[in-house]
Amino acid sequence: MKGLLMRMLRTLTRLAPVIAVSLFLAGCGINTIPTQDEATKTAWAEVQNQYQRRSDLIPNLVATVKGYAAQEKGVLVEVTQARASATQVKVDASTITDPAQFQQYAAAQDKLSGVLGRLMMIQESYPELKSNQNFLALQSQLEGTENRISIARRDYNNTAQVYNTTLRTFPSIIWAKTLYGSQKPAQLFQATANAQSAPSIDFSAPPAPAANTQPGPAN
């Protein structure tokens, strides 16, 4: 028994420096940057998820409107083309640190938001469309999705700002300049004029002109 205790003590003595270094590094935030990086990527994935949800609603919405307002061909074609352009922008986790790619994605989605607003305004000229149950259901789903998009963008920005601050502040900047030197700041969504308030239930009012969607430099 005494021999066993002695062996355990010797083992602990040898491991003590390793344990001490591990605790020191953990206390200095060596894991903070990768942890926040993953949180930012997760928030970004949710933004993509909500935009995809909106994209999936559009074909049925266009088909429903076309059934009652086929003469509005210009708007219907524009919505279809804007959806195609938005879905053709290829994005992944690396997009959040690529200013050009991020801007392209945000601009395509904001353009789609604008033409969707025009599409929803058509209902005012077609009473039968306004009372169509399928259209009303799609309108409700679209409204809910727009709310979720707004929340997802806000949450992403908040997470990205925390991450960007970590890359620039002490003591985590030490790791950002050494062990995690390849880490880049995350790009941020800029609020458009429409994003200053929650989406309105009434789609009959013309949407406010979209502001410049180019993301500002990340801090």
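A pocket is an open set of points on a 1 Å grid over the protein atoms alone, with protein on both sides within 12 Å along at least five of seven lines. Its volume is the space filled by probe spheres set on the points, which are joined across faces, edges and corners.

This is a predicted model, where local features need pLDDT of at least 70, side-chain atom pairs count only at pLDDT 80 or more, and totals for chains, interfaces and linings use all residues. Residues are numbered from 1 along each chain as its sequence is written, and side-chain values use heavy atoms, without hydrogens and water.

**The pocket**

The second largest pocket has a volume of about 150 Å³. Lining residues have an atom within 4 Å of a point. Among them are Gln 48, Tyr 51, Tyr 105 and Gln 109. H2, helix H3 (73-88) and H4 each give two or more residues to this lining. H2 gives the most, with four residues. Helices are DSSP runs (H or I, at least four residues) numbered from the N terminus. The lining holds six nonpolar, five polar and no charged residues. Here Ala, Val, Leu, Ile, Met, Phe, Trp, Tyr, Cys and Pro count as nonpolar, Asp, Glu, Lys and Arg as charged, and the others, Gly among them, as polar.

**The helix pairs**

Two packed helices are described by the angle between their axes and the distance between the axes. Axes are lines fitted to C-alpha atoms, for helices over the stretch in contact, and angles run from 0 to 180 degrees between N-to-C directions.

| Pair | Angle | Axis distance |
|---|---|---|
| H2 (residues 32-68) and H4 (residues 99-121) | roughly 35° | within 12 Å |
| H2 and H6 (residues 133-168) | about 160° | 8 Å |
| H4 and H6 | about 150° | 13 Å |

H2 is thus roughly antiparallel to H6. H4 and H6 are also roughly antiparallel to each other. That term covers angles over 145 degrees.

H2 passes H4 in a left-handed crossing: the near helix is turned anticlockwise from the far one by less than a right angle. The crossing of H2 and H6 is left-handed, and so is that of H4 and H6.

**The contacts**

Contact means heavy atoms within 4.5 Å. Between H2 and H4, the residues in contact include Trp 44 and Tyr 51 of H2 and Phe 102 and Tyr 105 of H4. This contact has 12 nonpolar, three polar and two charged residues. The contact of H2 with H6 has 19 nonpolar, 11 polar and eight charged residues.

Where H4 meets H6, Phe 102, Asp 110, Leu 116 and Met 120 of H4 take part. Their partners on H6 include Phe 135 and Arg 153. That contact has six nonpolar, one polar and three charged residues.

Key: 1 Å grid on protein atoms, 1.4 Å probe; cavity = no way out; pocket = protein on both sides within 12 Å on 5 of 7 lines; lining within 4 Å. Parallel < 35°, antiparallel > 145°, perpendicular 65-115°, else oblique.
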